[in-house]
Amino acid sequence: MAEEIKRGCYTIARRPGRSFPVERHPHLYTTALVLAWTSWLCYFASELFLASRITRKSTQGTKEVWTAIAAEFVLTFQELILALGLLLGLTSLRRQPPRPSYELVGQYAPTIDVLITCCGEAIAVILDTVKAAVAQDYPSDCLRVLVLDDNQDDELRRCLIDLKPWLEERNLASVQYLSREVKKGSKSFFKAGNLNYGINACSEGKSPSEFFAGLDCDMIAEPDWLRKSVAHMLLSDGIGMVVSPQVN
C-alpha cells in the first residue's frame with residue numbers, strides 16, 4: 001500500500017522497498033563462494049603436485065610446465081582478490097529493511113528539460129532515444145526534449161523536423177534541435193561542453209524549466225524514469241543531482 005507525501009502541489013507515492021536475493025540470503029551466497037574457491041584451490045594444489053612429480057622424472061619441458069602454471073595463477077589472482085572483496089562484503093552485510101521507493105504521481109509535475117547529447121552517432125539510434133524520452137509517463141506540457149548535436153548534422157535536423165507531426169498526433173512532448181559553434185582556438189570540452197551549452201541555452205530562454213535531465217544518445221529511458229527521479233529532488237532541498245541505474 002502506497003503512502004502519499006505532499007510537497008506543495010505535488011504528490012509523491014512512497015512504496016515499501018523490495019530486497020534483493022543476496023540481501024535475503026547472504027549466507028547462501030557466502031557458502032557458494034567459499035565452496036567454489038575451495039574447489040579451485042584443491043584443483044590448483046593437485047596441479048602443482050602432479051607437475052612436481054612429472055618434472056622430477058623428466059626435465060624435458062619443465063620450463064614450459066611451470067610457465068603455464070604461473071600464467072594460470074596470475075590470470076586467476078585478480079578474480080581471487082575480487083572474490084575476497086565480495087566475501088568480506090557478504091560477511092559484513094547487515095540485515096536492514098529495504099529502502100522504500102518514491103514516485104511522483106498525479107497530474108501536477110515540475111517542468112523538465114531532457115538534454116540528449118550526440119556527435120555523429122547513427123541517426124536511427126538517436127531517434128530511438130528521442131522517442132523513448134518523449135514517451136515518458138509525464139505531462140507533455142511540462143516536458144521538453146532537446147537534441148544537442150555537436151556534429152551539426154543537417155540530416156538529423158530534418159529527421160527531427162519530420163518527427164513533429166508524429167509527436168503532435170500523439171500529444172507528446174516537443175523536441176528541439178540545438179547545435180553550438182566552437183570558436184577557433186577555444187576548447188570544446190566535448191560532451192561536457194555540449195551539455196553545458198544546452199543547460200545555458202535553456203536557462204537563458206524565455207521559459208526555463210525547473211529541472212534538467214541528461215541522456216546519452218543511445219540510452220532508452222524507462223517510462224517512469226522522470227517520475228521516479230524527480231520525486232527525490234522534491235523530497236529534499238539538499239539533493240542537487242539524482243543518478244539512476246543503467247542496465248545494458
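The model is predicted, so local features need pLDDT of at least 70 and side-chain atom pairs count only at pLDDT 80 or more, while totals for chains, interfaces and linings use all residues. Residues are numbered from 1 along each chain as its sequence is written, and side-chain values use heavy atoms, with hydrogens and water left out.

**Exercise 1. Find the order of the strands in the open sheet of 3 strands, and name its edge strands.**

Step 1: Strands (E, at least two residues) and helices (H or I, at least four) are DSSP runs, numbered from the N terminus. Two strands pair if DSSP finds at least two bridges between them.

Step 2: The order is 1-2-3, with antiparallel pairing. Strand 1 (3–7) and strand 3 are the edge strands, each pairing on one side only. From one strand to the next, the twist averages 30°.

Step 3: Helix 8 lies across strand 1, strand 2 and strand 3, at about 95° to strand 3. Contact here means heavy atoms within 4.5 Å. Axes are lines fitted to C-alpha atoms, for helices over the stretch in contact, and angles run from 0 to 180 degrees between N-to-C directions.

**Exercise 2. Which side chains meet in a salt bridge at 3.2 Å, and which strands do they tie together?**

Step 1: A salt bridge is a side-chain nitrogen of Lys or Arg within 4 Å of a carboxyl oxygen of Asp or Glu. Side chains of opposite charge can pair when their charged atoms come close.

Step 2: The pair is arginine 15 and glutamate 103, at 3.2 Å from N to O. Arginine 15 lies in strand 2 (residues 10–15) and glutamate 103 in strand 3 (residues 101–105), so this pair ties together parts that are 88 residues apart in sequence.

Step 3: Check the burial (buried is under 20% relative accessible area, exposed over 50%, partly exposed in between, with a 1.4 Å probe and protein chains only). Arginine 15 is partly exposed at 33%, and glutamate 103 is buried at 15%.

**Exercise 3. Describe the sheet of 4 strands and what lies across it.**

Step 1: The open sheet has the order 6-5-4-7, with parallel pairing. Strand 6 (174–178) and strand 7 (211–216) each have a single partner strand, so one side of each is left without a neighbour in the sheet. The twist averages 25° from one strand to the next.

Step 2: Strand 5 (residues 143–149) pairs with strand 6 over 5 bridges. Leucine 146 stands opposite glutamine 176 in strand 6.

Step 3: Helix 7 (residues 190–203) lies across strand 4 (112–118), strand 5, strand 6 and strand 7, running at about 150° to strand 4.

**Exercise 4. Are aspartate 113 and arginine 144 buried or exposed?**

Step 1: Their side chains meet in a salt bridge (2.8 Å, N to O). Aspartate 113 is in strand 4 and arginine 144 in strand 5, 31 residues apart.

Step 2: Aspartate 113 counts as buried because its relative accessibility is 0%. Arginine 144 also counts as buried, at 16%.
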